[in-house]
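Colleague: Could you show me how to read the aromatic ring pairs in a model such as this one, going from the general idea to the particular case?

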Amino acid sequence: MKLSNTLTAQLDDPRLFRQHAYVNGKWTHGDGGREETVYDPATGEAIGYIPWLEAHQIREAVDAADAAFAHWRALRADERCERLLAWYDLLQANREDLATIMTLEQGKPLPDARGEVEYGASFVRWFAEEGKRTFGETIPSHIPNAALGTLKEPVGIAALITPWNFPLAMITRKAAAAMAAGCTVVVKPAGETPFSALALAELAERAGIPAGVFNVVLGEPAEVSKILCAEERVKALSFTGSTRVGRLLLEQSASTVKRVSLELGGNAPFIVGPDMDPKEAALAAVAAKFQTAGQDCLAANRILVHESIHDEFVEHFAERMAALTVGNGLESEIDLGPLIHRQAVDKAAAIVDDAISRGATLVAGDQTQAPGENFFMPVLLTGVTPQMKVWREENFAPVAGVTAYRDDDEVIAMANDTEYGLAAYVYTHDIRRIWKLLRALEYGMVSVNSVKMTGPPVPFGGVKQSGLGREGGITGIDEYLETKYYCLGALGSVSGS
Ligand code: NAD
């Protein structure tokens, strides 16, 4: 296996850049010699290589997680907390290197990558503490001379399959919850962004997380996922990614009746009420659309603006959008990095062409200005209708589509006209409108007058085909806990007679 000098040269601690899988506390080659190249999406240059493990090696990772489970679950919650907090400290201490690795493999601007390291680390700290609060219940007994209650126990091994758009935080949001609950994990990161996951493993080891508790496997996605889903010893599957793959994994998990949590695609409406200042709303909409170059499940996908302020809103949006800088995320003052690969650029172009062919107006977005083949210049379309792909599909690109609406009932129907139900944005100061929309929107998360909505205390997740279950918050750890009911009978009467 060749070593990449490009990446290691940019790190204070080159040992964070690992090009092996991590199984049972050991850095592992693929037995079959299969290897994948990982590219910097900004330059198209190879930045490293990863092995593809063979089927028996994936099972060995499950063996390791199985063997480690007995010890890890037996630790006291405060002992697991200490190790997770040590991991948190190391993530913070190595923030700069982790951000560099992320920008090189994912493309997002360095300040955004730093932000993701903070965000990802914050879940480790949150769940380290939450692990100490997995309280059972005492149940008032209906059975004479018996005590009833519940215990919370870790489900067992959790398989965690994650996407490339948030290569670090999507792992920690799952792994920290599972590990705090007493579970051991087998992580399968996206092949485009394995190095953030492997750096997490290196730091977990340094934090004193025992071998077998946190494993990272690499391989052909469908092959690895099939093995993990079919494994009876894997008791929980948590997946973040597209709805298409989520459906597949749900089906594959049926044979072993696993606990399945799914964080899938979004098609967020961004609703602007007639009372809003169009400039204020446009600035917020730009921020909600172009984060991570639009490759964000929370990205404002359909911007629905009241007809009375539509034209002014579009003007301000176009002006702000024109000021966005597009380039290599390692350079300073960059707002949008590249898309993850060329297929994503082609998909974005097809979505724009489809919209124009069906009558949308291209207000801005000149692709001849793109600084490289994986880059896509921000696009603003108006006159978007439900027949267009830009409405129906999650575009996962810097393509903003605006539609005018007449009244609240119409915008509610428009916003709910999708199979997705992850997040929605509402911009208005009218309290009656806020309450009406909040109740009527079929979304797992609704953010009113705020672009930022996520973080550790929040129950993150969607309804409809955006997923199952919630991550983060006080319920996020429940995805990894079983409730065991007990009935202690023949205790004698309360009076002791
Ligand atoms: P994806 O579904 O293509 O891939 C996600 C993971 O599944 C990766 O690890 C990938 O290697 C694996 N995978 C791909 N094909 C597979 C197959 N046939 N069988 C088994 N596993 C397979 O998604 P992506 O392109 O990496 O990520 C983008 C998607 O993720 C978007 O739809 C986005 O909305 C969603 N997402 C959702 C959230 C959320 O919290 N709801 C957060 C981030 C991303």
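**Aromatic pairs**

Modeller: By the rule that rings of Phe, Tyr and Trp (its six-membered ring) pair if their centres lie within 6.5 Å, the count comes to nine aromatic pairs. This is a predicted model, in which local features need pLDDT of at least 70 and side-chain atom pairs count only at pLDDT 80 or more, while totals for chains, interfaces and linings use all residues. Residues are numbered from 1 along each chain as its sequence is written, and side-chain values use heavy atoms, with hydrogens and water left out.

Colleague: How is the pair of Tyr119 and Phe123 described, in distance and angle?

Modeller: A pair of aromatic rings is described by the distance of the centres and the angle of the planes. Planes under 30 degrees apart count as stacked, over 60 as edge-to-face and the rest as tilted. Tyr119 and Phe123 are edge-to-face, at 5.0 Å centre to centre with 80° between the planes. Because they are four residues apart in helix H5 (residues 110–130), about one helical turn separates them; helices here are DSSP runs of H or I with at least four residues, numbered from the N terminus.

Colleague: Is Phe123 buried or exposed?

Modeller: Buried means under 20% relative accessible area, exposed over 50%, and partly exposed in between (1.4 Å probe, protein chains only). Phe123, at 1% relative accessibility, therefore counts as buried, and Tyr119, at 16%, counts as buried too.

Colleague: Which parts does the pair of Phe290 and Phe317 tie together?

Modeller: Phe290 and Phe317 form a tilted pair, 6.0 Å centre to centre with 55° between the planes. Phe290 lies in helix H10 (residues 278–290) and Phe317 in helix H11 (residues 310–322), so the pair ties together parts 27 residues apart in sequence.

Notes: Helices (H or I, at least four residues) and strands (E, at least two) are DSSP runs, numbered from the N terminus.
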